[in-house]
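Visitor: I'm new here. Could you walk me through how to read this one?

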Amino acid sequence: MADDAYNYAYLDEQTKRMIRRAILKAVAVPGYQVPFGGREMPLPYGWGTGGIQVTAAIIGRDDTLKVIDQGADDTTNAVSIRRFFAKVAEVATTTRTDEATVIQTRHRVPETPLREGQILVFQVPIPEPLRMLEPRETETRTLHALSEYGVMQVSLYESIARHGRISKGYNYPVMVNGRYIMSPSPIPKFDNPKLDRSPALQLYGAGREKRIYAVPPYTPVKSLDFDDHPFEIETWEQCCALCGSKESFLDEMIVDDDGKHLFVCSDTDYCERRRTLPEAAE
Amino acid sequence: MSNGHMTDLRTLAPGLADPAHDAQQLFRAVLDATSRPGRIVSLPAAPAGPGTPSAAATAYLLTLADRDTPVWLADAFDRPEVRDFLRFHAGAPIVTKRAEAVFAVLASATPQPFEGFNLGSDAYPDRSATLIVEVPDLRGGPTRQWHGPGIDGRAAVAVAGLAEDFWQDWAANHTLFPCGVDIVFTARTELCALPRSVAVEV
Ligand SMILES: [Zn+2]
């Protein structure tokens, strides 16, 4: 059934091998950004080309794929990517976190705890955590090489001086295995603790800058902070208006013309599971 | 080919039966092993290869080696049928200088196993070599405690057939982190990975 014009999982075998080699080196050096050659994908940047290339290099017919965009399985972006892999990689798809073997995500980590053997693939727009502080690539590479992260500490401390706290709510930088500062991609800092010693493998793909980095299972991932300003996650006074969860990341929704507000889970699978399965709610 | 030797396609051992799907399955097994060091992973679709090195070592190379990745072979494996196999099925150049290798195949008794291979640089630690070390068995050797990324606490691993100073050399390699070589131990159709990030108690 395979003919010359058809590449399983879209990428040709040589491109897959190159990405696979980069993934293995990324796993061997947790948090370090491995450059890879990569080919142009048939999608505009911002659609998650880096994540798609990683997924294409790892996925097989035995996999069950879940794709989320800001926690939701049903956005245009998530649906397109899921259909793409159902077609080119002949994989089963799911919206259920617990059924998935590979989860490609944009901007969230599922609320349902991940398990051994699962792979979480992050779409990364800007892989370099120091980029806003140091635009030159040769410089940031040197700072990582020397583990010279004073510039990041200063920046966070300035934020405390100005706002009384570290104001960064998304893409909050982490230290991986005590060696590399890493961008967790634009997930809310609420999700950062889920990265720490997760039983799942985390792979991060940046399409525009062609970088892959990884966090192996059970690897320490520490959100940067200070003794007098410890890291804290967002909290809400409300619970989810649909499932009543007090533990999930909530999105604010305006529900009528009077501007009435509701808070609902950002993770649609988690919220739906809690509503349909009473035992999941307690 | 070189040395006046001609590849005989009639005797060349077959490569992957179903290249795209077999390579994907093999890669996932390798990825699983690399992200969970010490765990012994069985390779589902490993072809027998040329007889030596093991099916696992050959499958690793068929999955990841190509014309961009020079391969170095220790004396025990530097034989015409192995070279032909890797050139024909992977397209990988065979090199005689350790420093040029992206992948290297060593025997458990190969002297100075870490000497001379590319360790990567502080700026580009990913450029280091990966050593495939053939051992008689992944089990039954002296038990050592491994710890580091990918391991929940500690892993007791008992790779057989390694010299005592192998682990002292490994300790030296580990202290080079983020530089250093990565290792994959192979025996028959099984494989167990030891990335540079993992410390082994001597
Ligand atoms: Zn909810």
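Guide: Start with a salt bridge, meaning a side-chain nitrogen of Lys or Arg within 4 Å of a carboxyl oxygen of Asp or Glu. Here the side chains of A:Arg273 and A:Asp98 form one, at 3.5 Å from N to O. This is a predicted model, where local features need pLDDT of at least 70 and side-chain atom pairs count only at pLDDT 80 or more, while totals for chains, interfaces and linings use all residues. Residues are numbered from 1 along each chain as its sequence is written.

Visitor: Which domains does chain A have?

Guide: The bounds come from an automatic or database domain assignment, giving domain 1 (13-223) and domain 2 (235-282) in chain A. Their C-alpha centres are 26 Å apart.

Visitor: What area is buried between domain 1 and domain 2 of chain A?

Guide: The size of an interface is often given as the accessible area lost when the parts come together. Buried area uses a 1.4 Å probe and is summed over both parts. Between domain 1 and domain 2 of chain A about 1,000 Å² is buried, with 47% from carbon and sulfur atoms. On the domain 1 side, A:Arg96, A:Glu111 and A:Phe190 lose the most area to domain 2 of chain A, together 42% of what that side buries. The count between these domains of chain A is one salt bridge.

Visitor: How many residues of α1(A) are buried?

Guide: Buried means under 20% relative accessible area (1.4 Å probe, protein chains only). In α1(A), 13 of its 16 residues are buried, so to speak mostly covered.

Note on methods: Chains lettered and ligands numbered in written order. Heavy atoms only, no water. Buried < 20%, exposed > 50% of the residue type's maximum accessible area, 1.4 Å probe, protein only. Helix = DSSP H or I, 4+ residues; strand = E, 2+ residues; numbered from the N terminus. Buried area = accessible area lost by both parts, 1.4 Å probe.
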